[in-house]
Amino acid sequence: MRVILPIAAALLASPALAAPATYTVDPTHTAVYFGASHFERTTVRGRFGKMDGRILYDPDSGTGSIDFTVDTDSVDTGNRSLDGVLRSAQFLDAQNFPVARLQANRFIVENGKLVAVEGSLSLHGISQPLRLEADRFSCGETVLFGVRRNVCGGDFHASFPRSAFGITRFLPEVGDLVTLQVSVEASPAGAAEPAGK
């Protein structure tokens, strides 16, 4: 699920940005993990390896938008056989629905702190409302390999019933409730500069 993210919202805490800015998700520091119960004994976990995302935020109005996508074909549980089942028409049907998409336009801030992002998740050809709760979020400058950039990032979580997206195979042995853990970092496009400046 290229899943997205509330990174933009945290821009509320970034006074250096005085105009609307587009943030691009850094795929090397962004990950989407999922889990579902197996016979109510253990949890099957996995992740998606390919994602992309854009965030537009206007600090003056406190408004913005998020568009985050995940390639469903990139699902990885560490078990090739299970990955094949998840990609098949029994679950994600990656051939017909190659992308899962999160779009949001509501950033919820309390006492100057980002607490959640609300929008919709499109999966398996169906869109449903989704709220991502923020575990932590911050913005600031980082220097890596001699390059200075402004970065916003955080950890978020959410859950949803897969049956709401028409994915019902192996219910109830494989649980209906799917949990998401999303870690995201993003930077304004073209904002990087040599650290010496």
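Me: Why is Asp67 called partly exposed?

Reply: Its relative accessible area is 25%. Buried means under 20%, exposed means over 50%, and partly exposed is what falls in between (1.4 Å probe, protein chains only), so 25% lands in the middle class. Keep in mind that this is a predicted model: local features need pLDDT of at least 70 and side-chain atom pairs count only at pLDDT 80 or more, while totals for chains, interfaces and linings use all residues. Residues are numbered from 1 along each chain as its sequence is written, and side-chain values use heavy atoms, leaving out hydrogens and water.

Me: What makes Asp67 and Arg101 a salt bridge?

Reply: Their side chains come to 2.5 Å, N to O. A salt bridge needs a side-chain nitrogen of Lys or Arg within 4 Å of a carboxyl oxygen of Asp or Glu, so this pair passes. The two are 34 residues apart and link distant parts of the chain, with Asp67 in strand β5 (residues 63-71) and Arg101 in strand β7 (residues 99-110). (Strands are DSSP runs of E with at least two residues, helices are runs of H or I with at least four, and both are numbered from the N terminus.) Arg101 is partly exposed too, at 34%.

Me: What joins Arg131 and Glu133?

Reply: A salt bridge, with the closest N and O atoms 2.5 Å apart. Salt bridges that share partners join Arg106, Glu118, Arg131 and Glu133 into one network. The whole structure has 8 salt bridges.

Me: Why is Ser74 called buried?

Reply: The relative accessible area of Ser74 is 12%, so it is on the buried side of the cut-off. You'll find Ser74 in the loop between β5 and β6. Its C-alpha is 8.8 Å from that of Met51, though the two are 23 residues apart in sequence.

Me: What makes the link between Thr77 and Asp83 a polar contact?

Reply: Their side chains are joined at 2.7 Å. A polar contact is a pair of N or O atoms within 3.5 Å; within protein, one must be able to donate a hydrogen and the other to accept it, and residues adjacent in sequence count only if both atoms are side-chain atoms. So 2.7 Å is inside the limit. Thr77 lies in the loop between β6 and α1, and a polar atom of its side chain is 3.2 Å from the backbone nitrogen of Asn79.

Me: How do you know that β8 and β9 pair?

Reply: Strand β8 (residues 113-123) and β9 run antiparallel over 8 bridges. Two strands pair if DSSP finds at least two bridges between them, so 8 is enough. Val117 stands opposite Leu132 in β9. The strands form a hairpin with 2 residues between them, and His124 in the turn has a positive phi of about 60°.

Me: What about β9 and β10: how many bridges join them?

Reply: They pair over 11 bridges, antiparallel again. Cys139 faces Cys152 in β10. This hairpin also has 2 residues between its strands, and Phe145 in the turn has a positive phi of about 55°.

Me: Which residues of the largest pocket lie closest to its centre?

Reply: The volume is about 430 Å³, and of the 22 lining residues the closest to the centre are Phe34, Ala36, Leu86, Phe91 and Val174. A pocket, on a 1 Å grid over the protein atoms alone, is an open set of points where a 1.4 Å probe fits, with protein on both sides within 12 Å along at least five of seven lines; lining residues have an atom within 4 Å of a point. Points are joined across faces, edges and corners, and the volume is the space filled by probe spheres set on them.

Me: How does the lining of the largest pocket divide?

Reply: Into 19 nonpolar, 1 polar and 2 charged residues. Ala, Val, Leu, Ile, Met, Phe, Trp, Tyr, Cys and Pro count as nonpolar, Asp, Glu, Lys and Arg as charged, and the others, Gly among them, as polar.
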